[in-house]
Amino acid sequence: MNELESYAERVRKVAPEIEVASMRLNREGLLNDVVIVNEEIVFRFPKSAPAFERLQDEVKILRILKDYLTLEIPSPFYAGEDCVAYRMIPGETLRRDVLLRLT
């Protein structure tokens, strides 16, 4: 079983109600592997124990901030022992090359 298949199995256990039409793996992050399901749902899998702790802290912070911000932020619908899942926020990723093109 390859890595994406392993993550796909976990995604199906976490969210069996999601009909998976597409799934892609992004391993570029330093702390998490990211699986994008149907180009609309993000599953983040920590790469290490410290990354897991940081992700759990991030979930706590997001849940506090949602009551104070009007800006759309991730709203986890699942935060478990090995991953966090939330709906993708529409828009373009603020990558370095995008940032450098801004006036």
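**Figure 1. Aspartate 33 and lysine 47 form a salt bridge.** In this predicted model, the closest N and O atoms of the two residues are 3.6 Å apart; a salt bridge is defined as a side-chain nitrogen of Lys or Arg within 4 Å of a carboxyl oxygen of Asp or Glu. The pair links distant parts of the chain, 14 residues apart: aspartate 33 sits in strand E2 and lysine 47 in the loop between E3 and H2. Helices (H or I, at least four residues) and strands (E, at least two) are DSSP runs, numbered from the N terminus. Are the two partners buried or exposed? Aspartate 33 counts as buried because its relative accessible area is 2%, while lysine 47, at 36%, is partly exposed. Here, buried means under 20% relative accessible area, exposed means over 50%, and partly exposed is in between (1.4 Å probe, protein chains only).

**Figure 2. Arginine 27 and glutamate 3 meet through their side chains.** Their salt bridge has an N to O distance of 3.1 Å. Arginine 27 lies in the loop between E1 and E2, and glutamate 3 in helix H1 (residues 3-14), so the pair links distant parts of the chain, 24 residues apart. Both residues have some accessible surface: arginine 27 is partly exposed at 44%, and glutamate 3 is partly exposed at 33%. Now put this view beside the previous one: Glu3, Arg27, Asp33 and Lys47 are linked in a network of salt bridges.

**Figure 3. Arginine 95 and aspartate 97 make another salt bridge.** Look for the N to O distance of 3.0 Å between the two side chains. Arginine 95 counts as partly exposed because its relative accessibility is 39%, and aspartate 97 is partly exposed too, at 36%. How many salt bridges does a search of the whole structure find? The search finds 12.

**Figure 4. The largest pocket holds about 560 Å³ of space.** On a 1 Å grid over the protein atoms alone, a pocket is an open set of points with protein on both sides within 12 Å along at least five of seven lines, and lining residues have an atom within 4 Å of a point. Which residues are closest to the centre of the pocket? Of the 15 lining residues, they are Val34, Ile36, Val42, Met88 and Thr93. Strands E1 (23-26), E2 (32-37) and E3 (41-46) each supply at least two residues of the lining. By class, the lining has 7 nonpolar, 3 polar and 5 charged residues. In this count, Ala, Val, Leu, Ile, Met, Phe, Trp, Tyr, Cys and Pro are nonpolar, Asp, Glu, Lys and Arg are charged, and the others, Gly among them, are polar.

**Figure 5. Six named residues form a nonpolar patch on the surface.** They are Ile61, Ile64, Leu65, Tyr68, Leu69 and Leu71, with about 640 Å² of accessible area together. Patches are made of residues with over 30% relative accessible area and no salt bridge; like charges are joined within 9 Å, and nonpolar side chains (Val, Leu, Ile, Met, Phe, Trp, Tyr) within 5 Å. Areas come from the Shrake-Rupley method with a 1.4 Å probe, and for residues only the protein chains shown count as cover. Leucine 69, one of the patch members, is found in the loop between helix H2 (49-65) and strand E4 (78-79). At 37% relative accessibility, leucine 69 is partly exposed.

**Figure 6. Asparagine 38 and glutamate 39 both lie in the loop between E2 and E3.** Asparagine 38 has a phi near 55°, a positive value in a residue other than glycine. Glutamate 39 also has a positive phi, of about 55°, although it is not a glycine. Asparagine 38 is buried because its relative accessible area is 18%, whereas glutamate 39 is partly exposed at 44%.

**About the model.** Residues are numbered from 1 along each chain as its sequence is written, and side-chain values use heavy atoms, with hydrogens and water left out. Because the model is predicted, local features need pLDDT of at least 70 and side-chain atom pairs count only at pLDDT 80 or more, while totals for chains, interfaces and linings use all residues.

How values were computed. On a 1 Å grid over the protein atoms alone, a cavity is a set of points where a 1.4 Å probe fits but cannot get out, and a pocket is an open set with protein on both sides within 12 Å along at least five of seven lines; lining residues have an atom within 4 Å of a point. Grid points are joined across faces, edges and corners, and a volume is the space filled by probe spheres set on the points.
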